[in-house]
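Hi,

Here is the structure we talked about handing over.

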Number of protein chains: 2
Amino acid sequence: MEKIKIGIVGYGNLGRGTEAAIEQNRDMELVAVFSRRNPEDVHVKNPQVKVLHISDAESYVNDIDVMILCGGSATDLPEQGPEFAKLFNTIDSYDTHAKIPEYYSAVNEAAISGKKTSIISVGWDPGMFSLNRLMGEAILPEGATYTFWGKGLSQGHSDAVRRIEGVKGAVQYTIPIEEAVERVRRGENPELTTREKHLRECYVVAEEGADLGRIEKEIKTMPNYFADYETTVHFISKEELEKNHAKMLHGGFVIRSGKTGEGTNQIVEYSLKLDSNPEFTSSILVAYARAAYRLNALGQIGAKTVFDVPVGLLSPKSPEQLRKELL
Amino acid sequence: MEKIKIGIVGYGNLGRGTEAAIEQNRDMELVAVFSRRNPEDVHVKNPQVKVLHISDAESYVNDIDVMILCGGSATDLPEQGPEFAKLFNTIDSYDTHAKIPEYYSAVNEAAISGKKTSIISVGWDPGMFSLNRLMGEAILPEGATYTFWGKGLSQGHSDAVRRIEGVKGAVQYTIPIEEAVERVRRGENPELTTREKHLRECYVVAEEGADLGRIEKEIKTMPNYFADYETTVHFISKEELEKNHAKMLHGGFVIRSGKTGEGTNQIVEYSLKLDSNPEFTSSILVAYARAAYRLNALGQIGAKTVFDVPVGLLSPKSPEQLRKELL
């Protein structure tokens, strides 16, 4: 069997997860990892995989079927997304919700000009959660959709705490409030404020002699990040942080609660409990790389999202096999 | 806006649910209900909807965009599926798993000959559960998939109990065994026998003077239906049966438990808690009717399953709106 040849752009948590995920899929092969760093400083797991500077990518247009872009949404993807979409079929996990329409347009134009297929905003949110929000409201038009995140480590919020003066290290967990979740599961369709849905819990290593009261207050009153939430702050040692808070666990649920008739509540719930957030996201990127390759072979060029992809294209199995084994 | 014109074939629980579901979708309109019964004996909710004999369907080929086939899999659909697929875009809930490949071929041939689009085996299992089984194994190739059903009223098992001599009425509930579910949720990936996954609970109204011991024994030893399960039998009064066991509640969950790296378990769960099994199935049929209409407009003819349908086609919203609001 001819394998689907994959390239990775960016070798952080997501890039490493993508390398591991490709190993689990026998119809795929990782050809090269491209990085902005000096290739000699990038150490991939499989020594047979080439490590190249990102500026060399263009000469691999005939050797790579799908490029998985593992950069971040803030600065990497707005540039790399359209640039690579001209040359390769691509997958990315662009997740700045408010700017998705703009990003979609830029990637779409580039992909069409290169006759390539780019699936954007792939992962679990946006991604799997989006699919479930869409199916929930399409199937149960009269109802409400709830998305809860966690318990999980939020990278953005952890970073925000680390930027406070006197903080040496920190992690932040987002925790769904059990009572709110239970009300939704019971079909009450409550209106929930931000504060009623999630708690924020911080574990902080302070510098010696730092004013703990001030740090705690700065966290709890930080606008956008913490001010609208019930936040708790725990000061711990560096050793404790490294021992107990190194895992990038995450998860959450999408619940659609609808009514189809007199007194008939219908509850649909999709939930994730992840030991590794980046490894799970990478696994989704890899499955969608298979779909991008196939969509392109079918002549479906341009930018796509998870909404545009027939689900069967994610599986290595044939349509006959899927109907027989999984339907 | 031009509405999608729908016809219903068969007016049992599923047909009634479909009528109600169409009412919740403003881009659709129910044109007619076709039945094998004398149309005068079929009473639909909305008096503006025509009720016609099934033999009149053919003259409606220009008035109906999608025909939703609400008959059963045992005898109705094997005949009606291919017959209607020649003339109309169709949706059905064919659920005899073992015969799906054969049914698919027959419908596919008919639909191609009539240039129509037929989505078969739509509902929650097969249907939503199938999608989640597929996505689970495509995203987490190293792992195991578990499907649990219930707590729910099983029509087939209830019928089997009712056929026993001396039984006046009965319902059977399929109940997932909590301990097995918890082991799966913890990521243990256990091998579970039939008996370890589900319990069966029967509520039986016996005829006066019937031998209760014999009825109980006949139930518990019935091959295929009960012999492989832990089964409990409760004898109750006719009044109790009518008061407490009239709801067609059902549900269940599909859990994928996979590993993406050293010690990183990832658990994905899709679960349903339904007050009305037929109304939920109908709601899914109606959302897929929208997709069938659109696929046909795109020239994608032949038989399809939920695996072949881009999820975005289920929603009345435009692709732009979906990207903006739901991604």
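**A pair within one helix**

Glu216(A) and Lys220(A) both sit in helix α8 of chain A, residues 212–220. They are four residues apart, about one turn of the helix. Their side chains meet in a salt bridge, at 2.9 Å from N to O. Side chains of opposite charge can pair when their charged atoms come close. Over all chains, the structure holds 36 salt bridges. Keep in mind that this is a predicted model.

**How the two chains relate**

The same surface serves both copies: 100% of the contact residues of chain B recur in chain A.

**The interface**

How many residues does each chain put into the contact? Chain B gives 64 residues, and chain A gives 64 residues. The area buried between the two chains is about 5700 Å². Carbon and sulfur atoms account for 61% of that area. On the side of chain B, three residues lose the most area to chain A: Gln24(B), Arg323(B) and Leu327(B). Together they make up 15% of what that side buries.

Now the polar part. Between chain B and chain A there are 37 residue pairs in polar contact, with both residues at pLDDT 80 or more. The salt bridge count between these chains is two. One of them joins the side chains of Glu137(B) and Lys317(A), at 2.9 Å from N to O.

Which elements of chain B give two or more residues to the side that touches chain A? The helices are α3 (100–113), α4 (128–139), α10 (277–297) and α11 (319–325). The strands are β12 (250–261) and β13 (264–274). The largest share of that side, 11 residues, comes from β13(B). By residue class, the side of chain B that touches chain A divides into 30 nonpolar, 19 polar and 15 charged.

Within it, Glu269(A) stands opposite Ser271(B).

**Backbone points to check**

Most residues other than glycine have a negative phi, and most peptide bonds are trans.

- Gly150(A) and Lys151(A) are joined by a cis peptide bond, with omega about 0 degrees. Lys151(A) is in the loop between β7 (143–149) and β8 (152–153) of chain A.
- Asp125(B) and Pro126(B) are also joined by a cis peptide bond, with omega about 5 degrees. Pro126(B) lies in the loop between β6 (117–119) and α4 of chain B.
- Ser121(A) is not a glycine, yet its phi is positive, about 55 degrees. Ser121(A) is in the loop between β6 (117–119) and α4 (128–139) of chain A.

Best wishes

Note on methods: Residues are numbered from 1 along each chain as its sequence is written. Chains are lettered from A and ligands numbered from 1 in the order in which they are written. This is a predicted model: local features need pLDDT of at least 70, side-chain atom pairs count only at pLDDT 80 or more; totals for chains, interfaces and linings use all residues. Side-chain values use heavy atoms; hydrogens and water are left out. Contact means heavy atoms within 4.5 Å. Buried area is the accessible area (1.4 Å probe) that two parts lose on being put together, summed over both. A salt bridge is a side-chain nitrogen of Lys or Arg within 4 Å of a carboxyl oxygen of Asp or Glu. A polar contact is a pair of N or O atoms within 3.5 Å; within protein, one must be able to donate a hydrogen and the other to accept it, and residues adjacent in sequence count only if both atoms are side-chain atoms. Ala, Val, Leu, Ile, Met, Phe, Trp, Tyr, Cys and Pro count as nonpolar, Asp, Glu, Lys and Arg as charged, and the others, Gly among them, as polar. Two strands pair if DSSP finds at least two bridges between them.
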